[in-house]
Amino acid sequence: MICILSGVKSVSADGLDASHEPPHQAGGQPSPGHPHLDGPAEPPKGVEPWHIEAEKLTFYQSTDAILGEGAVNIRHGELKISADRILYDTRKGKVWANGAVVMDMDQGVLRGEEGEFDLKTSTGTMKGAHLFLKRNNVHLVAKQLWKTGAEEYRAKDAVISTCPLPKQAWSFRCSDLRLTITGQAVAKDARFNIENVPVLYSPWISIPINRYRKSGFLLPYFANSSRNGAEIDVPYFWAINDSMDATFYQDLMSNRGWMEGVEFRHVFSPESRGIIRYNHLSDNLKDNDYNNDGQIRRNSERWWLRGKIDQELPLGFKAKVDIDLVSDRDYLQEFNGGPMGFDQTNRTFLKNFGRSMADITDTIRPSSLQITRNGEDSFVGGEMRYNQNLVTGEQSTTVQTLPKLVFHGFDVPLANTRLYYNWDVSYVNYWRDSDTKEQRINLEPTTSLPFKLKGWLNGLASLSVQETMYTSSGSTQNIRPKDTKNRGLYTFNTQVSTNLARIFDMGDGLSLRHTIRPKLAYTYRPTVDQTHIPFIDNLDRLDPLNRFTWSVLSFLSSKKPLGKDRYAFSDLIRFYVEQSYDTHGIPPGPPEVQNYSYDIFNRNTLIPKPIDTNHKFSDIYGEIDCWPIPYWYIRYDTTYNLYGDGFTSYNLWTGVSKHEGEDLALSYRYNRIEKINSLDINAMFPITAAWRATYRTSWSVQNGNEVESVYGLRYQASCWAITCSYKKNKDENVFGFNLELLGIGGWSGD
């Protein structure tokens, strides 16, 4: 029996309701097992029905087939099929369609002239096909396309690109193409075209186009420099499993040889992750005095091992591992560029772990293991730290921390009194391969009392007692084997502060709040002889204090209504100033570095700053942060000496960042004591909608010369981008480029 419906009608298969009399068998009963075309018929519970709409519907009862003609639409959940003419076999779940066929799927849209689809297996074929994958904006055009799985395809005479049709800036043309479930486009007889001009050919190529990771070769890296020569790096990516992967780098430099590299990554949970990188080169370059600093490199085997790991441990403990070991002091600066260079490595670590590496010029490269646990009222932590000293002949006397243990108790009430107490206990073993070795235990309980004066002054008084014990061993003249010494002292602190605030109504719901917070503090620590104990860090030399410190913090913030009882709060300006007076005298510099500074040649050694007992007043220290407009930030701090030196330090940083891609950052540092006078500028600004320029420079103002400058120009189209850069410094000039096929990958140069 055949049922023909005219006009725009709809029919539901597998037990859907319809709007006319169903075909009957003899005896006037509906055909069992056949779809109902009229009357309420409920589909099986939990089964999504198929819906069919067309200008004309014909139902073939003997085969349970439905023919739709004219603007036919079939939908089932997220799947939609439309065409001029569709035949749907409800028993086999197959669809034949021709004439402007469109198959709208969850992962993309498939168009063509005519096709056949198996709805049960998600397979089928299409002639004159155009497949668009939404996830990566990929277009695939083929003479014949087979859908071999839910997200798998095969095509003949195919063109694939992320550029929109009809005119594509670049594309891969191939005789045979497979898109796999793992996200790879595997092509045979492939030609890479710019517009319609073929520029590269490969008999076989595999391109990642999906969100899934897949083992295979990545697109190569190119560079050219005056020291390294021509350079090509071909990376291979190994997707070990869902939690681990590795990338192997084969970097060939015409002037230096073959550098091998490997990166291993793992992510077991948001709190357990790690990245380890290693490079090795047998260097053929005879120029072993990089940057002409007189430091001669005598090794030809060059390598760098670095990594960071975060790991959750049982009982609430957490571990952090930092590794930084290098073959020589010039390696990091010589091989700074590229995907495995210092800059890119440091950005990767900072992004994934929130902590960076030691500066590229530091001669002390620290590696450490930390294990910590935060409790409700206490903290416990342990650290093992190895400091690699890159200065020839100094490694054996460099201090190593093996280990350091810290226990800290947070403030808790003392019985039923108004007093609070906390405590600190630390143990550290300072070890050297030669020379003196020290062990130190420091005990420091503190009792504090908060109080109020006249209802508007907030006060806090505290007393800490410190007992420090040392065990030293070594061969120096003033230290006997296993010599034990100790130091005891106390520190008294008190401070009072208040808040003065006023709110200004600016109209239209906008208000400004101005707050001034003055504070006066007093600290006393008695004079204690400490010349008999070791001196390793700032805990070993605690100067006597009889110090008054005044400070003022002032800030202005705004409150803007957004409607529906919502408000936007923002800071507009913040100002802070501080100065101290001490009867013992005060060393120069800002408060945080007034007592000690680091030896500029050995960052692991503290040098006490000289105290002029005639200089009772400290330098005046001030800082200001302001946001003149939402996307512009300025910070400035300075110190001013009252005894004839004037301004002894400046630090200025300002940045502009706009959504349109316009960024400018400028920083200037000046410190008379530490002989720093440098200027850094980073700028990125759009020229047109497609063109963008970048500029980065570092200047040594005191020497009047340019340390390094990088110029860049980037063009970005809808499906590809190219960046050209030129870097110059006193040691080399590097020209690089970066070509990106958006959604696929890219060739790059530094």
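Reader: To start, which side chain meets that of Asp64 in a salt bridge?
Author: The side chain of Arg91 meets that of Asp64, at 3.2 Å from N to O. A salt bridge here is a side-chain nitrogen of Lys or Arg within 4 Å of a carboxyl oxygen of Asp or Glu. This is a predicted model: local features need pLDDT of at least 70, side-chain atom pairs count only at pLDDT 80 or more, and totals for chains, interfaces and linings use all residues. Residues are numbered from 1 along each chain as its sequence is written, and side-chain values use heavy atoms, with hydrogens and water left out.

Reader: Where do Asp64 and Arg91 lie?
Author: Asp64 is in the loop between β2 (50–60) and β3 (65–76), while Arg91 is in the loop between β4 (79–89) and β5 (94–104). The pair links distant parts of the chain, 27 residues apart. Helices (H or I, at least four residues) and strands (E, at least two) are DSSP runs, numbered from the N terminus.

Reader: Is Asp64 buried or exposed?
Author: Asp64 is buried, at a relative accessible area of 6%, whereas Arg91 is partly exposed at 48%. Buried means under 20% relative accessible area, exposed means over 50%, and partly exposed is in between (1.4 Å probe, protein chains only).

Reader: And Glu69, what does its side chain meet?
Author: The side chain of Glu69 forms a salt bridge with that of Arg85, at 3.7 Å from N to O. Glu69 belongs to strand β3 and Arg85 to strand β4, so the bridge ties together parts that are 16 residues apart in sequence. Glu69 is partly exposed at 26% relative accessibility, and Arg85 is partly exposed at 40%.

Reader: Further along, what is the partner of Arg574?
Author: Arg574 has a salt bridge with Asp625, and their closest N and O atoms are 3.1 Å apart. Distant parts of the chain are linked here: Arg574 is in strand β31 (residues 566–582) and Asp625 in strand β34 (residues 620–629), 51 residues apart. Arg574 counts as partly exposed, at 28% relative accessibility, but Asp625 counts as buried, at 5%.

Reader: How many salt bridges does a search of the whole structure find?
Author: The search finds 30 salt bridges.

Reader: Turning to the rings, how many aromatic pairs are there?
Author: There are 17 aromatic pairs in the whole structure. Trp304 and Phe342 form a stacked pair, 6.2 Å centre to centre with 20° between the planes. Rings of Phe, Tyr and Trp (its six-membered ring) pair if their centres lie within 6.5 Å; planes under 30 degrees apart count as stacked, over 60 as edge-to-face and the rest as tilted.

Reader: Where in the fold are Trp304 and Phe342?
Author: Trp304 is in strand β19 (residues 301–312) and Phe342 in helix α2 (residues 342–353), so their contact ties together parts 38 residues apart in sequence. Trp304 is buried at 1% relative accessibility, and Phe342 is buried at 6%.

Reader: How are the planes of Tyr490 and Tyr524 arranged?
Author: Tyr490 and Tyr524 form a tilted pair, with 45° between the planes and 6.2 Å from centre to centre. Tyr490 lies in strand β27 (residues 483–497) and Tyr524 in strand β29 (residues 510–525), so parts 34 residues apart in sequence are tied together. Tyr490 is partly exposed at 36% relative accessibility, and Tyr524 is partly exposed at 29%.

Reader: Which residues do ring pairs link into a cluster?
Author: The cluster contains Trp304, Tyr331, Phe335 and Phe342.

Reader: What sits over the ring of Phe317?
Author: The charged end of Arg373 does, 6.0 Å from the ring centre. Lys559 lies over the face of Tyr567, at 4.4 Å from the ring centre. The criterion is that NZ of Lys or CZ of Arg is within 6 Å of the ring centre and within 35 degrees of the ring normal.

Reader: Finally, what does the secondary structure of the chain come to?
Author: The chain has 2 helices and 43 strands, and buried residues make up 40% of its 750 residues.
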